[in-house]
Amino acid sequence: MMALNSGQCAVNTATLGFQCPIEQSIDAIAAAGFGGIAPWRREVEGQDVPVIAKRIRDAGLKVTGYCRSTYLPSPTRGGLLANIESNRRALEDAAILGAQSLVMVVGGLPAGSKDIAGARSQAADGVAQLLEHGKRLGVKIALEPLHPVYTAERSCVTLLSEALDMCHHIEGSVPEPWLGVCVDVYHVWWDPNLARDIARAGREKRITGFHVCDWLVPTQDVLNDRGMMGDGVIDIPSIRAQVEKAGYKGLTEVEIFSAQNWWMKPVDEILRTCVERLASSV
Ligand code: ZN
């Protein structure tokens, strides 16, 4: 397989540990030769969004995904509606940023609930309502299934097959889907049906994002101890080959949450290492 160059890749700004304002992240990511950026709402909301959008464009960067949705499931109907509304506003900012998609992490169990089926059904309801808004704005919704360890608190959608089923349930089979999935190696690498489901995602034209990092052994923290590509146990080149064979032509996005290691290093060093590892280990 061809080594990836940074122009074929994007950096999710969480990788830089939110050490600097978005403007500096944009400049540093562009200077390192990357082709895209995935900003977070915490860096964008309350700011002058068109100005940030212009800075990204002027730097020559694409926006792969805007991170991320407000969790949908709520103990009350009013709460669900408020969460949907919050995501409508995020879709509007995503449109201004020129983002290809809003990354949709659907949320886990509502506080006090043991009703996982109910949470999934609320998530599907919410995504269905947001889809039309996204279409009008020209922003895709990219469902990201998370590793099952996050089911309670972050995502009641854990398998790639579940995310694809949800897309199909909501949108049906359409030639140009607006509802897609993000394949994040950290979340799906262990799935015995991964090859089957990546191929299916390709046939259904749903692959909207491809995120890379690594799974460290032992892991200190399932949230904030992700590894740099090549430092863990995920066969990233094999998953990349499957995603490309399935027809994905978008950017490969680096997304590393690493509170005790990478986030403590200077931004330029993090980016330099990403460039090297994208070429050698992805
Ligand atoms: Zn991801």
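Trainee: How much of the chain is buried?
Mentor: Buried residues make up 54% of the 282 residues. Buried means under 20% relative accessible area, exposed over 50%, and partly exposed in between, using a 1.4 Å probe and protein chains only.

Trainee: What should I know about the source?
Mentor: This is a predicted model, where local features need pLDDT of at least 70, side-chain atom pairs count only at pLDDT 80 or more, and totals for chains, interfaces and linings use all residues. Residues are numbered from 1 along each chain as its sequence is written, and side-chain values use heavy atoms, with hydrogens and water left out.

Trainee: How many helices and strands are there?
Mentor: The chain has 10 helices and eight strands. These are DSSP runs numbered from the N terminus: helices are H or I with at least four residues, strands are E with at least two.

Trainee: Let's go to helix 3. Which of its residues are buried?
Mentor: Helix 3 covers residues 49–58, and its buried residues are Val49, Ile52, Ala53 and Ile56. They share one side of helix 3, because they cover an arc of only 100° around the axis. That arc is taken from the directions from the helix axis to the C-beta atoms.

Trainee: What's on the other side of helix 3?
Mentor: Val51 and Asp58 are there, and they are exposed.

Trainee: Switching to aromatics. How many aromatic pairs are there?
Mentor: The count comes to five aromatic pairs. Rings of Phe, Tyr and Trp (its six-membered ring) pair if their centres lie within 6.5 Å; planes under 30 degrees apart are stacked, over 60 edge-to-face, and the rest tilted. Trp40 and Phe257 form an edge-to-face pair, at 6.0 Å centre to centre with 85° between the planes.

Trainee: Where do Trp40 and Phe257 sit in the chain?
Mentor: They are 217 residues apart. Trp40 is in the loop between strand 2 and helix 2, while Phe257 is in the loop between strand 8 (252–254) and helix 10 (267–281). Both residues are buried. Trp40 and Phe257 also belong to one aromatic cluster with Phe18 and Trp263.

Trainee: Which charged end sits over the ring of Phe18?
Mentor: That of Arg42, 3.7 Å from the ring centre. Elsewhere, Lys265 lies over the face of Trp262, at 5.2 Å from the ring centre. The rule asks for NZ of Lys or CZ of Arg within 6 Å of the ring centre and within 35 degrees of the ring normal.

Trainee: What is the phi of Phe18?
Mentor: It is near 50°, a positive value in a residue other than glycine. Phe18 lies in the loop between strand 1 (9–12) and helix 1. Phe18 counts as partly exposed because its relative accessibility is 23%. Lys205 also has a positive phi, near 55°, and is found in the loop between helix 8 (194–203) and strand 7.

Trainee: Which peptide bonds are cis?
Mentor: Cys67 and Arg68 are joined by one, with omega about -25°. Arg68 is in the loop between strand 3 and helix 4. Val217 to Pro218 is cis too, with omega near -5°.

Trainee: Last one, Ile236. Buried or exposed?
Mentor: Buried, because its relative accessibility is 0%. Ile236 is in helix 9 (residues 236–245). The C-alpha atoms of Ile236 and Val282 are separated by 5.4 Å, although these residues are 46 apart along the chain.
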